[in-house]
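Keep the viewer open as you read.

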Amino acid sequence: MEILDYAFMQRALLAAVLVGVTAPAIGIYLVQRRQAIMGDGIGHVAMTGVALGFLLNTSPVWMATLVAVAGSVGMELIRSRGRTSGDVALALLFYGGMAGGVMIINLAPGGSTANLSTYLFGSITTVAPEDVVAICLLAAFVIAITLGLRRQLFAVCQDEEFARVTGLPVRLLNLLLAVTAALTVTVAMRIVGLLLVSAMMVIPVAAAQRVTRGFAATLAIAMGIGVTVSLTGTVTTYYMDAPSGAAIVLLAIAVFLAFAAVTAPLARGRARRAAAGEGEGEACARETAGERPAADDVKV
């Protein structure tokens, strides 16, 4: 294929595969905890890290990683101690991270907000060899945590009190989950962009939940959707010269809508059958108790 003749496309496709795997892998836990928007907050904080990278003339990816990890840990500590609500902590990440990034990038030599655009919305042409190394290392850590500790993380996300009673280190696992989410954001920012990375954490998981309810099956299907839309969006970007993040997220939304359209009639059918079964059960119970069934319960 002609597209594979270019080194930048080889790097972009490799990064796209890693994004497609890692984003749903951490997203399934965030959805379970009803913290689906957490990726957005971390993404805004990572903007400050990218700007610091330009200011200090260091790698924006690694600097964004450090700042995102620090921000996610701070947010989790605030949430766990109950000093303020999780929504307020997320708001602080949103606005503080964005404002800090814009301010710092303008202090950098020759810097402007235009330097942030490729990090905000993704760009396949800017994935450098050193970025691929960083992405591979971070993705390996994310996959090891999300798959290796899936039982423990699922227990904590499902019911913290029960997990604590069973002896699990709940606070440590919560911090580890927050750090893993921060690393996922920096893995995805070159391809999907900081402002859209949360969509890749949530939408593939939401689409997979339309066709299955089991945790393992949902995770596998979500990863499959993530890899498919990431690769397809990256290739589409090559031919259309469009932001890769927008293409990938729009494809993910299209998959979700397709799954919803297919499964909605089935869900309605199950709901009707369940309601009919409950009605028959109530009628039988009344007959057993010696009551005459109501007219609505009698079927002709």
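## An exposed asparagine in a loop

In this predicted model, N57 has a relative accessible area of 71%, so it counts as exposed. Its place is the loop between α2 and α3 (60-81). The backbone here deserves a look too: N57 is not a glycine, yet its phi is positive, at about 60°. For context, most residues other than glycine have a negative phi.

## The chain as a whole

How many helices and strands does the chain have? There are 12 helices and zero strands, and reading along the sequence gives the pattern α-α-α-α-α-α-α-α-α-α-α-α.

Of the 300 residues in the chain, 45% are buried.

## Where α1 meets α6

Helices α1 and α6 have axes 10 Å apart and pack at an angle of about 30°. Angles under 35 degrees count as roughly parallel, and α1 and α6 are therefore roughly parallel to each other. The crossing of α1 past α6 is left-handed.

Which residues of the two helices make this contact? From α1 come R11, L14, A15, L18, V21, T22, A25, I26 and Y29, while α6 supplies P129, V132, I135, C136, A139, V142, I143 and T146. Sorted by class, the contact of α1 with α6 has 14 nonpolar, two polar and one charged residues.

T184 lies in helix α9. With a relative accessible area of 0%, T184 is buried. Leaving aside residues up to four places away in sequence, T184 touches T22, A23, I26, V142, V197 and M201.

Within α7, the residues L153, A155, V156 and C157 are buried. What covers them? The cover includes α1 (7-32), α6 (129-148), α8 (160-165) and α9 (170-188).

One of these neighbours, α9, comes within 10 Å of α7 when axes are compared, and the two cross at roughly 100°. A value from 65 to 115 degrees counts as roughly perpendicular, and α7 and α9 are therefore roughly perpendicular to each other. The contact joins Q152, L153, V156 and C157 of α7 to V170, L173, N174 and L177 of α9. By class, the residues of the contact of α7 with α9 are six nonpolar, two polar and no charged.

## Aromatic pairs

Now for the rings. With ring centres required to lie within 6.5 Å, the count comes to six aromatic pairs. In one of them, F54 and Y119 are 6.1 Å apart centre to centre with 90° between the planes, an edge-to-face pair. F54 belongs to helix α2 (residues 38-56) and Y119 to helix α5 (residues 117-121), so this pair ties together parts that are 65 residues apart in sequence. Are the two partners buried or exposed? F54 is partly exposed, at 29% relative accessibility, whereas Y119, at 4%, is buried.

F154 and F215 also form an aromatic pair, this one tilted, with 5.0 Å centre to centre and 55° between the planes. Since F154 lies in helix α7 (residues 150-158) and F215 in helix α11 (residues 215-240), the pair ties together parts that are 61 residues apart in sequence. F154 is partly exposed, with 31% relative accessibility. Elsewhere, Y6, F8, Y238 and Y239 form one aromatic cluster.

## A last stop on α11

Helix α11 also holds T232. At 36% relative accessibility, T232 counts as partly exposed. Its C-alpha atom is separated by 8.1 Å from that of L251, a residue 19 residues apart from T232 along the chain.

Notes:
Residues are numbered from 1 along each chain as its sequence is written. This is a predicted model: local features need pLDDT of at least 70, side-chain atom pairs count only at pLDDT 80 or more; totals for chains, interfaces and linings use all residues. Side-chain values use heavy atoms; hydrogens and water are left out. Rings of Phe, Tyr and Trp (its six-membered ring) pair if their centres lie within 6.5 Å; planes under 30 degrees apart count as stacked, over 60 as edge-to-face and the rest as tilted. Helices (H or I, at least four residues) and strands (E, at least two) are DSSP runs, numbered from the N terminus. Buried means under 20% relative accessible area, exposed over 50%, partly exposed in between (1.4 Å probe, protein chains only). Contact means heavy atoms within 4.5 Å. Axes are lines fitted to C-alpha atoms, for helices over the stretch in contact, and angles run from 0 to 180 degrees between N-to-C directions. Angles under 35 degrees count as roughly parallel, over 145 as roughly antiparallel, 65 to 115 as roughly perpendicular and the rest as oblique. A crossing is left-handed if the near helix is turned anticlockwise from the far one by less than a right angle, and right-handed if clockwise. Ala, Val, Leu, Ile, Met, Phe, Trp, Tyr, Cys and Pro count as nonpolar, Asp, Glu, Lys and Arg as charged, and the others, Gly among them, as polar.
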